Amino acid sequence: MDNPTSDTRGRLAAVAREAMKARGLLPDFSADALNELKSLAQAGAATMPKSDEGIRDLRNLPWCSIDNDDSRDLDQLTVAGFDKSGAPAIFVAVADVDSLVKRGGAIDAHASANTTSVYTAGGIFPMLPEQLSTDLTSLGEGVDRLAIVVEMTVDADGAVQAWQHYRALVRNQAKLAYDALAVWLEGGAMPPHLQAVLPAVPALEAQLRTQDKAAQALRGRRHQQGALELQTNESRPVFNDDKLADLQA
């Protein structure tokens with residue numbers, strides 16, 4: 001006899017797939033999309049740009065990612081620094097998936113149809129193939145990646161005084177997690193991985209505190225201007241989506 005739990009999961013997965021189709025969404029990647037993915041994977045490092053393509057090289061900055069403990073699809077890095085005038089600035093790097101996924105291709109067509117990853121009780125239907133989101137374009141620790149960087153000059157009151165965006169090469173210096181980082185920022189123990197990377201990236205500790213300060217100012221200003229507080233069933237740590245949303249604002 002089949003395991004009841006396994007049987008229930010199978011039925012949920014089948015229901016989810018039918019629901020996707022009924023709503024005009026694509027539960028599976030086409031053969032063309034998978035072939036396109038295979039070609040991208042084989043190209044590997046050959047897809048990285050040359051230095052003369054107008055792309056800034058920001059790999060020397062102490063970038064870090066802050067996500068869930070087990071996340072592999074890292075799509076955002078942050079760092080605090082200074083703009084050309086010397087004013088304090090926050091930099092947010094977002095994975096440049098477009099550098100690999102070309103418009104009009106099979107993977108682009110799938111992403112355009114679904115517009116987002118779909119999360120159901122019967123399983124997750126990703127917008128992009130997993131090899132792309134968790135490997136080829138993921139801003140993983142210690143690897144060079146293309147990103148779209150948004151540079152924001154933020155004053156002490158949380159007002160964004162100036163901003164610009166551009167393409168750049170970045171390198172994640174530390175993969176950190178929400179929960180442990182939140183505890184540390186509130187006076188608790190330093191996360192073990194942060195301790196491990198500090199000898200190689202000594203500026204990172206001050207970086208994180210500067211980013212936290214900027215995020216608090218941005219959040220405060222956002223609420224002064226009428227942002228809503230919504231209660232949800234999800235439990236989130238202090239340094240989490242709210243603060244990262246502030247940095248992206």
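Biologist: At what angle do the axes of helix H5 and helix H7 cross?
Modeller: In this predicted model, the axes of H5 (residues 178-185) and H7 (residues 204-224) cross at roughly 85 degrees and come within 12 Å. Axes are lines fitted to C-alpha atoms over the stretch in contact, with angles from 0 to 180 degrees between N-to-C directions. H5 is therefore roughly perpendicular to H7, a term for 65 to 115 degrees.
Biologist: Which residues make the contact?
Modeller: From H5, Leu181, Trp184 and Leu185; from H7, Glu205, Leu208, Arg209 and Asp212. Contact means heavy atoms within 4.5 Å. The residues divide into 4 nonpolar, no polar and 3 charged.
Biologist: Where does the charged end of arginine 209 sit?
Modeller: Over the ring of tryptophan 184, 4.2 Å from its centre. The rule wants CZ of Arg, or NZ of Lys, within 6 Å of the ring centre and within 35 degrees of the ring normal. Arginine 56 also lies over a ring face, that of tyrosine 166, at 3.6 Å from the ring centre.
Biologist: Changing topic, what percentage of the protein chain counts as buried?
Modeller: 39% of the 249 residues, buried being under 20% relative accessible area with a 1.4 Å probe.
Biologist: And how many helices and strands?
Modeller: The protein chain has 8 helices and 9 strands, taken as DSSP runs of at least four residues (H or I) and at least two (E).

Methods:
Residues numbered from 1 in each chain as written. Predicted model: local features only at pLDDT ≥ 70, side-chain atom pairs only at ≥ 80, totals over all residues. Heavy atoms only, no water. Parallel < 35°, antiparallel > 145°, perpendicular 65-115°, else oblique. Nonpolar A, V, L, I, M, F, W, Y, C, P; charged D, E, K, R; others polar. Buried < 20%, exposed > 50% of the residue type's maximum accessible area, 1.4 Å probe, protein only.
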